[in-house]
Amino acid sequence: MGCICALVGLGFILIYNATSGLNFAQGELVMLAAFVFYAVISAGLPYLVAALVTIATMAVAGIVFQRLMFYPLRDRSFLAFIIATIGFSIFARNLALLIWGPYPLKVPSFFERDVVSFGTVVLAPEHLFIIAVTIVVLIAQYALFFYTDLGRRLRATAQNAEVAQLMGIRAGRMIAITFMLSTLLAGIAGVLLAPIFLVDTEMGLNLILKAFIAVIIGGFGSVPGAVVGGIIVGLLEILVAVFVSSVYKDAIAFGILILFLIAFPQGIFGERIAERA
Amino acid sequence: MATRWYLPKIATRIAMLAGLASAGALPAAPLQAADGPIKIGVVVPITSVLAPYGTPFVEAMNLAVDAANASGGINGRKLELVVEDSQASNTVAINALNKVLESEPVAVFGPALGTQVLAMMPILERNKIPFIAGPSTRRVTQQNAKYYFRNSTHDAVDKETWTRFLVDNLGKKKIGIMHVANEWGYSGRDNTIEFLNKLYGLKPVSIASYQPTDKDLTAQILQMTRDGADAIVVQGHPIDEALVLKQINQLNVKVPHIGSGTLCIAFLRGLVTPADIVGHYCEGPDIMPPYNERPQVKAFVDAYKKKTGYLPDIYATHYYDATNMLIATMKKVGVDRDKIRDSIRDNPYEGIIGTYKADEEGNLWHNAVVMEFLPEGKIKVVRKYKE
């Protein structure tokens, strides 16, 4: 769960860094990806092809999302974009309801085995797969941003879009690519989540809440912070539930997080906020 | 100019708000025109995460109404369901009810959700409208309501049945309880605790709750094993009960696990596979309809599946029976609400799955079973309420 929080948080932070806007529809984008994955699998496509089709669809959806949600509001206060994304999240839930109905849906697992045992530790193969995919995605993302020309242009746009434009970078296109990367991450999260949790219209709400907290813990605006924060949120929840109380796990976990933020108001990687990715 | 333009609008809105606000306080609404269709109100969740507690009921009720209309209705008058969505909110449920009351229904069907039924009940009592709904929450029928009937089992029957099964049949004494943290979950927890104590002098060794939106329930399951539970009972919603089952399997927890009636729904809706659920149990008011051998139930299952593409669960079947009960009652006593209430209260009704007979609280159904899932998609009833 921590890795999923990290992926959702990462998508959230990419858009924040590029536009200073908070995309509260990131959870619903994951939900839509899970529904698309279900639809593509139900259409009879092989599992891996269905996953790729879903991720590609979400990437394209990112460009559409940017043109419809961000572009018309780009010169307005950042609040306009936040409200628009909240509106989109409501729209997305109702859209899913209209298309796929109110019942939860089941996506089959990619793995034949239910569990993998390491001595006394029992793990589901899906969970190991999520950890592996998250690591690969983070490495790929790091390589893209720091070892490619596109990455340099993306970072330049994130640091200052106007100056980047003066330097010959097409800032609008870079922002569109950032949105595409963000929804691509949502697509990956949706594909990973769909087989382990059932797909339903409410699944995005909880995700964005936890991802938002993860981002704050990690240090708002910090890419590694989003990842570390996500893993901390996931771990804290499960550890509190197992060793303290499952009834009050959310209250205790979030209480600890509040105390943490009082001690470290800028989050773990707060120093790097100014660097923006 | 502006004042002239807005005043009528404002006045209309105030009038509408006043109408809505006072709908609950109105005396009994005048009955429908004698020659128009007979309206039956239905306020259940059609959307939201609680839709499994509403939409299947409407589908089943439509089958009953269509059949009645095809055979001439009530003395030549057609029947019509007036359906409104209560979503997952008491406030929405009340607004939906107020809207339904504008159609002057002879009776209203509510959701299988205790909190919404408790919110709607005072309005329907004031308006003296027969109210039928099937939540299992015990205290729903302890409100001294005169017009309310419960068309399903309540938790005191359900939980006595699974408690007796765990202790008498399986010999388990260290029971762990998992439940969703809402009124439905607490009702299951409290009734199980009560019967463990009352019947056997036992206390549960572990209790864990979770939020309806929680997806990772491994912590709660691990708590059960850490506390030494030798059996686990779960009362939740279809999504979380399906996830509990899957995660119990993944964590290789081998103790007996009984899900509530919701797990039966999750199974019938394909949220868990037959392979996942083998060796587990679920309880409910009666055997799942697709496994019922009665010819009239088989006919209903076939018709329901043809219409919706899904197999009906036992609660949808209860709503089908209750709709037919209301139709039969209207054929007998007409559309007078008090006469309908009195007739349902005083006369047993033979539904497709058995007899509905009101007790002093208005409970119509008095049975519960525990079912075991066997290989190849088969099930076996391993405990009945009255044994």
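**Strands, crossover and contact**

Modeller: Let's start in chain B of this predicted model: Val180(B) stands opposite Tyr210(B), which belongs to β7(B).

Biologist: What makes β6(B) and β7(B) a pair?
Modeller: Pairing takes at least two bridges, and five bridges join β6(B), residues 175-180, to β7(B). So they count as paired, and they run parallel.

Biologist: How does the chain cross from β6(B) to β7(B)?
Modeller: The path goes through helix α6 of chain B, residues 183-200, making a right-handed β-α-β crossover.

Biologist: Why is β7(B) called largely enclosed?
Modeller: Buried means 20 or more other C-beta atoms within 10 Å of a residue's own. Four of the five residues of β7(B), 206-210, are buried, so the rest of the structure largely encloses the strand.

Biologist: How do you know that β3(B) and β4(B) pair?
Modeller: The cut-off is at least two bridges, and β3(B) (107-109) and β4(B) (131-133) have two, in the parallel sense. So they pair. In one bridge, Val108(B) has Phe131(B) as its partner.

Biologist: What makes β2 and β5 of chain B edge strands?
Modeller: The open sheet has the order β2-β1-β3-β4-β5 in chain B. β2 (79-85) and β5 (148-150) each have a single partner strand, so one side of each lacks a neighbour in the sheet. From one strand to the next, the twist averages 25 degrees.

Biologist: And how many residues does each chain bring to the contact?
Modeller: Chain A brings 23 residues and chain B brings 28. On the chain A side, α10(A) gives the most, with three residues.

Terms used: Residues are numbered from 1 along each chain as its sequence is written. Chains are lettered from A and ligands numbered from 1 in the order in which they are written. This is a predicted model: local features need pLDDT of at least 70, side-chain atom pairs count only at pLDDT 80 or more; totals for chains, interfaces and linings use all residues. Two residues are in contact if their C-beta atoms, placed from the backbone, lie within 7 Å. A residue is buried if 20 or more other C-beta atoms lie within 10 Å of its own, exposed if 12 or fewer, and partly exposed in between; C-beta atoms are placed from the backbone. A crossover is right-handed if, with the strands pointing away from the viewer, the path from the first strand over the helix to the second runs clockwise. Axes are lines fitted to C-alpha atoms, for helices over the stretch in contact, and angles run from 0 to 180 degrees between N-to-C directions.
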